[in-house]
Amino acid sequence: MNARIDVRKTYKLYIGGAFPRSESGHSYEVADSKGKFVANAALASRKDARDAVVAARKAFGGWSGRTAYNRAQILYRIAEVMEDRRPQFVQATQQSEGLSAAKADKVVDEAIDRLVWYAGWADKITQVVGNANPVAGPFFNLSTPEPTGVVAVLAPQESSLLGLVSVVAPAIVTGNTVVVVSSYDRPLPAVTFSEVLATSDVPGGVVNILTGSAATIGPWLASHMDVNAIDLTGIAGETALATDLEVAAADNLKRVRRAPAAEPDWTLDPGLEPMTAFLEIKTVWHPIGV
């Protein structure tokens with residue numbers, strides 16, 4: 001019997017709900033934690049980043065206009081589909097992060113639970129951070145949170161699944177759309193996640209995933225005038241790069257979630273900050289008795 005030749009996969013980008021190849025035509029080799037070749041991943045170009053921003057902007061109006069309850073339903077649906085595809089996520093996490101099957105299974109549990117947790121916050125965050133303000137006069141005013149817009153997210157480099165979910169979910173559950181740059185060395189969980197998004201009722205363009213280097217793609221997104229905010233969590237400890245991106249982001253006054261000194265422990269309670277980081281507060285004044 002002849003030995004079977006492995007069918008190697010070439011993973012594509014995820015832009016606007018579709019899976020295009022990189023405009024550059026380039027890809028790079030992805031190895032597992034032991035250095036063994038696993039697959040090829042598309043190497044996103046500047047044009048790909050621009051296309052992803054266009055798709056995110058196009059999707060923003062519809063996504064931010066949905067009810068919070070509906071966004072919760074969709075995040076919960078993502079968790080359901082991830083649960084159905086658990087073996088694939090366990091394998092991808094094992095390969096990428098060098099974990100045992102038991103530890104990889106726990107990471108997948110935590111990622112799914114994190115999605116469910118954020119889904120539960122979708123229709124509650126307004127009540128927690130919004131309020132009726134005490135004012136003196138024949139009027140009242142109400143402050144309510146609104147999504148910032150298009151958010152560029154540099155995903156964590158080490159925690160390729162739980163970390164990814166922990167930065168994407170809070171941005172989209174509050175009504176933002178995102179352009180995500182996955183972990184460079186560990187992109188497989190991200191591209192597997194994109195396949196789940198495509199079948200989970202998430203409108204095309206709400207989440208766009210680029211594979212490639214944050215050091216290369218990050219400056220294009222930080223300086224893009226139609227990106228409203230940037231999350232630098234994924235370049236933890238890279239002080240020089242983080243500073244350069246903050247400077248570039250200042251051109252259009254982007255909101256910036258700054259890079260931590262070290263990658264966080266993603267198993268901890270994330271709190272509300274990941275959601276409030278990309279919310280604007282709008283205050284409306286209304287006269288009384290007129």
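1. In this note, buried means under 20% relative accessible area, exposed over 50%, and partly exposed in between, with a 1.4 Å probe and protein chains only. Welcome to the structure: this is a predicted model, in which local features need pLDDT of at least 70 and side-chain atom pairs count only at pLDDT 80 or more, while totals for chains, interfaces and linings use all residues. Residues are numbered from 1 along each chain as its sequence is written, and side-chain values use heavy atoms, with hydrogens and water left out.

2. Next, look at the partners of β7. Two strands pair if DSSP finds at least two bridges between them. Strand β6 (residues 150-154) pairs with β7 in the parallel sense, over five bridges, and valine 151 stands opposite valine 178. Strand β8 (residues 207-210) is also parallel to β7, with four bridges; here valine 179 is opposite asparagine 208.

3. The links between these strands deserve a look too. A crossover is called right-handed if, with the strands pointing away from the viewer, the path from the first strand over the helix to the second runs clockwise. β6, α6 and β7 make a β-α-β unit of the right-handed kind. From β7 the chain goes through α7 to β8, and this β-α-β crossover is right-handed as well.

4. How many residues of helix α7 are buried? Ten of the ten, residues 188-197, so the helix is largely enclosed by the rest of the structure.

5. Helix α7 meets helix α2 (residues 68-84): their axes come within 9 Å and cross at roughly 120°. The axes are lines fitted to C-alpha atoms, for helices over the stretch in contact, with angles running from 0 to 180 degrees between N-to-C directions. The crossing of α2 and α7 is right-handed, a term used if the near helix is turned clockwise from the far one by less than a right angle. Ile78, Val81 and Met82 of α2 make the contact with Phe193, Val196 and Leu197 of α7, where contact means heavy atoms within 4.5 Å.

6. Now for the nonpolar cores. Such a core is a set of buried Ala, Val, Leu, Ile, Met, Phe, Trp, Tyr and Cys residues joined through side-chain atoms within 4.5 Å. The largest one has 51 residues, and Met82, Val178, Val180, Phe193 and Val207 touch the most other members. Helix α6 (residues 162-173) gives the most to this core, with nine residues. Apart from it lies another core, of 28 residues, with Ala44, Val179, Ala214 and Val227 among them.

7. Leaving aside residues up to four places away in sequence, Phe193 touches Ile78, Met82, Phe89, Leu115, Leu164, Val165 and Ile209.

8. Elsewhere, three strands form an open sheet in the order β1-β3-β2, with mixed pairing. β1 (10-11) and β2 (27-31) stand at the edges with a single partner strand each, so one side of each is left without a neighbour in the sheet. β2 and β3 (residues 37-42) are antiparallel over five bridges, with glutamate 29 opposite asparagine 40.

9. An open sheet with antiparallel pairing has the order β4-β5-β11. Its neighbouring strands are turned by 30° against each other on average, direction ignored. Three bridges join β4 to β5 (residues 139-147), and asparagine 131 has serine 143 as its bridge partner.

10. Leucine 279, in strand β11, counts as buried at 7% relative accessibility, and its C-alpha lies 8.7 Å from that of glycine 149, which is 130 residues away in sequence. Glycine 237 sits in the loop between β9 (229-231) and α9 (239-249) and counts as partly exposed at 45% relative accessibility. Not counting residues up to four places away in sequence, Gly237 touches Pro260 and Ala261.

Technical notes: Helices (H or I, at least four residues) and strands (E, at least two) are DSSP runs, numbered from the N terminus.
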